[in-house]
Amino acid sequence: MIVFDYDLCIKCGKCEKICPCLAIEMIDFPKLAYPDKCWHCCACIKECPSNAIKLRLPPHIGDQRYEMLVLDRQNTMVFQIFFSGRMIDEMSIQVRK
Amino acid sequence: MEIISADLAIVGGGTAGCMASYEAKKQGIDAIIIEKARVRRSGCLAPGVNAIYSYLHEGESPENYYEFVKFQGMGLARRDLALSMIKETPYAVGILENHGLPVLHERQGRFGMRIYGEHIKPILADIAIESAENIIERAYSFDLAVEGSRVYGVYVFDLKNQDVFFVKAKAVLIATGGASGLYRNYTVPWYPQSNAGTGYALAIRAGAEIEGFEFRFIPPRIKDVNSPIGVTAVGFRAPLVNAEGEEFMKSGYQEFGGETAPIAIRAFAPSREYLEGRFPVYINTESITEEQKEKLIKLYLNAWPMFYLFIHARGIDFAEKMLEVMPCEPYISGSHTVAGIWIYENRMTSVDGLLAAGDAAGGVPLKHVGGALAEGIIAARTASQIKGENGFKPEERYPEFGDYSWRDAEERMQFVLDHYAGGVSRYYIYNEHSARIALNEIMNLQSLRLDGKAVRVLETCDRLAVARTMLEHMIERKETRMPPFQMRSDYPKLSSSNYILVSRFDGQKHSFRRDYV
């Protein structure tokens, strides 16, 4: 499930536009309007310019204190794992030559 | 009603659609892409992909590939389509590499090429932007204009302003994804909810021939997170084991190829272990080295990033805590089974001017990304050969909306298919009686006029059309041909028949023919 940090959100609407499943809607702030339609693909997280969206596992899969953030650094994507808000692991991959 | 004209209208800005746009420009024709979401991250490649399967490596011949897919399809595969497709894959991958895709030039199985493909969709979008005459996003193609046996264009519902416009074209390419969300899912789905089977529904309503819809795709996956196991099982040769520690693929399925049996058998075998109580089923990764482990996680980051979060939250260490495997709910997907729109070698469907490629097209049981890229290219070349003026006058059209909640209809459909048409809860088994119950209920749901957000209503209608044709096929094939993809309790003996079932819907009922392969 994606979670929004509305203190960081700048209401740009990029998450709504990029969502492949059209699961996000902007009404003042973005909202996961159709939770069953979220594929957990992270497209919105990668697109967000203010790092305001994180991924959690659906509750039936696992511990809700863990979250993932993905940072788009041009030719590299950086994946960070958080536990109770503290970063505990990080990995990056090259995505463009 | 606004009319937009093009040589080629491409429905779906995915793998096949973006590649078709590239080749259309090269062949000197104008293409328009109509996309429901945003090309940059739409469809099943939104999170990326870590291998291009169906790649012709040096030293392999197209005939070898055909034999390989025929084995994967348990004997059912179209030779003409497999041979013409595989020849184009090095060319297609070369285009992606030239546009910045990191290709590792390492084998992933016999016909796979490892890539760092997290950005494959943004790269495909770059290719589409530089080649297409026009890209129309947030637009839902809801009906084809067919007169006689020829297509003249496509009616499109603009999700931004709720207007309908018409794209008039000499050729229309259906390049949509397959169908997800037909059956009730037990966890996050394997295949994106965006893929509502729209291309199939367009073809069915237009009276185009459909093939192999009785073969649903049921992938064995990492349990709960529903991430791929191919990269682990095939790439790192990790075997499947049951709760008793038995490597059951080796002990029970040697005649089908053991650990490297066709994917249907690799889904069937674990589902039997569950049914007979020997679960959990694991993929044994104990012998994977630290170096391999890092590489494996990186491959997942390129294709299914939730896996990285999953292994942390569940405390999975490959050396000690093994990954569980479970097949998920069924899908219809032309890139994984022979199910899809029936096409000729040039990717023309049975309707003149109507082409299909990628997940939308049937006939090759293992097509994946490489095959979708190649078919987009072949379809665009065929489109460039279509000459003549299109004087078609579109009529005023608007999708039908009503007052029955799409959500209620969708939930009923998913429940009924799960229970009566061989879903997870029935271990994928069905029989004539149960399938007819499902068919009646799907037809009842189709008679309702749905209410709610336009995109959701249109998706639900498309899913219902796909479900109906799937059930008609499942009833028509009176044998068990490919467990668990197609497996009946009233005809339990495994058959080795050599026909692909082809149907056509005339607006009232389905008629069938058999295509021998």
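In helix 1 of chain B, the residues Thr15(B), Ala16(B), Gly17(B), Cys18(B), Met19(B), Ala20(B), Ser21(B), Tyr22(B), Glu23(B) and Ala24(B) are buried, a residue being buried if 20 or more other C-beta atoms, placed from the backbone, lie within 10 Å of its own. The model is a predicted one, in which local features need pLDDT of at least 70 and side-chain atom pairs count only at pLDDT 80 or more, whereas totals for chains, interfaces and linings use all residues. Residues are numbered from 1 along each chain as its sequence is written, while chains are lettered from A and ligands numbered from 1 in the order in which they are written.

Helix 1 (residues 15–26) is thus mostly covered, with ten of its twelve residues buried; helices (H or I, at least four residues) and strands (E, at least two) are DSSP runs, numbered from the N terminus. The cover over these buried residues includes strand 1 (2–11), strand 2 (31–34), helix 3 (79–98), helix 4 (120–131), strand 9 (164–174) and helix 11 (368–384) of chain B. From its first C-alpha to its last, helix 1 of chain B reaches 17 Å, close to the 16 Å expected, the expected span being 1.5 Å times one less than the number of residues. Just after this helix, Gly28(B) adopts a positive phi of about 85°.

An open sheet of chain B is built from four strands in the order 15-10-19-20, with antiparallel pairing, where two strands pair if DSSP finds at least two bridges between them. Its edge strands, each pairing on one side only, are strand 15 (340–341) and strand 20 (510–516) of chain B. Strand 19 (residues 499–505) and strand 20 of chain B are joined in the antiparallel sense over seven bridges, and Ser503(B) stands opposite Phe512(B) in strand 20 of chain B. Helix 14 (residues 454–476) of chain B packs on this sheet, touching strand 10 (210–211), strand 19 and strand 20 of chain B.

At the interface, 34 residues of chain B are in contact with 31 residues of chain A, contact requiring C-beta atoms, placed from the backbone, to lie within 7 Å. Helix 9 (290–301) and helix 10 (306–313) of chain B are the elements that give two or more residues to the side of chain B that touches chain A, and the largest share, six residues, comes from helix 10 of chain B.

Note on methods. Two residues are in contact if their C-beta atoms, placed from the backbone, lie within 7 Å. Axes are lines fitted to C-alpha atoms, for helices over the stretch in contact, and angles run from 0 to 180 degrees between N-to-C directions.
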